[in-house]
Amino acid sequence: MSYLLSLKELVNTLYWARDLLVEMFEKRKSFAYKYDDAAEIMGEDKLEILINKQLLRRNGPYVEIDDQFQQFFEQVLEVNEEINTSYINENIQQVKQHIVYYLQENNEHRRYSYLKQVKGALRKIGRITLRNVIDLNRNIENTFKTEPNYGIKIAKLESLDEKRRAVYNLIEQTDHLITDEELTFFTTAMDEELKQVVGLLRGQLTESRHNLIETQKQVIEYLNQVKYHSRVQEKIKQVKYLKDQFELKAKTNLAELMQQKNDVVFESRPAYPLKLSLDLLHTDEGNQSVRKVADKLKQAKRPSMAVAESIASDDLLPQTEEEIYIDLEEIRNGFTASGRHLYNYIMQYNYPREVSYEEKITIFCQMVSMYEQDFVIKEAYQDDGTVEYAVVLPR
Amino acid sequence: MNIPNRHTADIFEWLSKGKFICSNSVEDSSRKLYTVIEENFDDLYHYFMAIGFVLEKGDEYFYFSRTEARATLENKIEQAYRWIDVVDFFTAFNNGFAPGFRFTPSDIMVQVKIDASLKDKLEIMKRLTGDGSYSDRISTLVEKQLVAPGYAELENEITMQYKVLTSFNYIKQLIVSIQIQEEIVHEIPE
């Protein structure tokens, strides 16, 4: 039951609610419209009136345009998303019925009204068909471009393809209807206006048909693309599986395939070291470059000289170190007086400190070399068990 | 022989390092090179052929190959193995990981946190990513395996947004062209 009493009331209501309705209609797809937001625009009392008149419907914290009105707006403004083939079908049935009535009716006045209805329905069919074709195209493109889920994408495209076929059938039916099926009606009732309507309808049908052929191509291409894509995906999974099982090389033609590929991609990145041009280095430009490099090589920070610590004052004081000195001169004097041979004398000598055997040997050698003129070195040799020595006597 | 144009040196410089020149590169200069190659493909092809490089045309990208092998087979297979891991990881991160796709390392981080199998894949790739926190590893992976070889470029430094380049198709194509023995395919679990 309608809550609006007359058409005048409806038009008036739509008029004063226009701001809100326009706003809500524009946002119908983007988000649910909040009751509070609507109240901001209209005022709550007016909003309640709209809800009471069932132009709007309240849904929890949200309000939406009543479905009936929304569809009405969409249809009139030709922005509907749904492709509704049943609607055309219904119109075709209606045309058929009215044609039957027209042919059976004898009353001229009533016949005229049937004829008018047929014309209206035919006009509608043309418009709706064309509209449907355009919507179909847009939907297909949207689905292909925006639907992220591949399974759903394929299903949607296939169902749209189904719809395309249905629309195509309806076009054929309509065409059949106006050319062959109701030949009697279209010859007897043909007046100027009907001729125009049929002509227009034929034009629209042809246009729709051409569009549909294009659509069909599009759908097939899209479906192929999607399917190709999922095949690629499938392939990647399979290859990856084999790789993870370490079977890829054995069970596929990978090695063979790689053998054929000589793409540079596979090579390690080459470097091309070039020698400097000696001629260039002689020029001013070359000189500048050399300077630049030299600057770069120069170390910015010079290592500071290591400075020794200052000398402690204690270290400056004279110190005495005592060393017991073996006076070779004294040994020589003693030796000259002793009448023994040198080796024996040195070994027996009473040193001012402890002297080791090696030192004594050293002293022996030093004595011989220093005071050679004072001694007589015999050809005779003796052995003390460790070293063999010449017998040396004082002169 | 005439040098085809003044961009030849740049093209050589870029391609001889094993990189790609892509049509959807973030850099203007790189896109410019793409157009240059596209317009002078035949000339450049012959020119580079004379110095031992084959200019190859892929799906919206160019690269160099050689007439004879320079890399050892083992190296190539090893490289392919690495790519399989990398591609598998990124497609597991997002189905739509393909040229033109944009992502940030933090997107991947979020996904790694909620997806155990993705985390597992990242764990396994330690050889490529090194140790460190997950976010470090993801950054390394993106930088070393995608950006350095030229499969992706940093598009926005502030948001750290990367863009996948057309060259990514190269590795994808490579994987697709691996033929698995017929009877083996059925043994692979879904």
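In the predicted model, chain B contains an open sheet of three strands, ordered E1-E3-E2 and paired in antiparallel fashion. The edges of this sheet are formed by strand E1 (21–22) and strand E2 (53–57) of chain B; each has a single partner strand, so one side of each is left without a neighbour in the sheet. E2(B) is joined to strand E3 (residues 61–66) of chain B by five bridges, and the two run antiparallel. Within E3(B), B:Arg66 is the residue that stands opposite B:Phe53.

A further antiparallel pairing in chain B involves strand E5 (residues 152–156) and strand E6 (residues 161–164), between which there are four bridges. B:Ala152 has B:Val164 of E6(B) as its bridge partner. E5(B) and E6(B) form a hairpin with four residues between the strands, and in this hairpin B:Met160 adopts a positive phi near 60°.

Between the chains, 30 residues of chain A are in contact with 38 residues of chain B. On the side of chain A that touches chain B, the elements giving two or more residues are helix H10 (192–244), helix H11 (248–251) and helix H12 (254–260) of chain A. H10(A) supplies the largest share of this side, with ten residues. Classified by residue type, the side of chain A that touches chain B comprises 15 nonpolar, nine charged and six polar residues.

Key:
Residues numbered from 1 in each chain as written. Chains lettered and ligands numbered in written order. Predicted model: local features only at pLDDT ≥ 70, side-chain atom pairs only at ≥ 80, totals over all residues. Pairing = 2+ DSSP bridges. Contact = placed C-beta atoms within 7 Å. Nonpolar A, V, L, I, M, F, W, Y, C, P; charged D, E, K, R; others polar.
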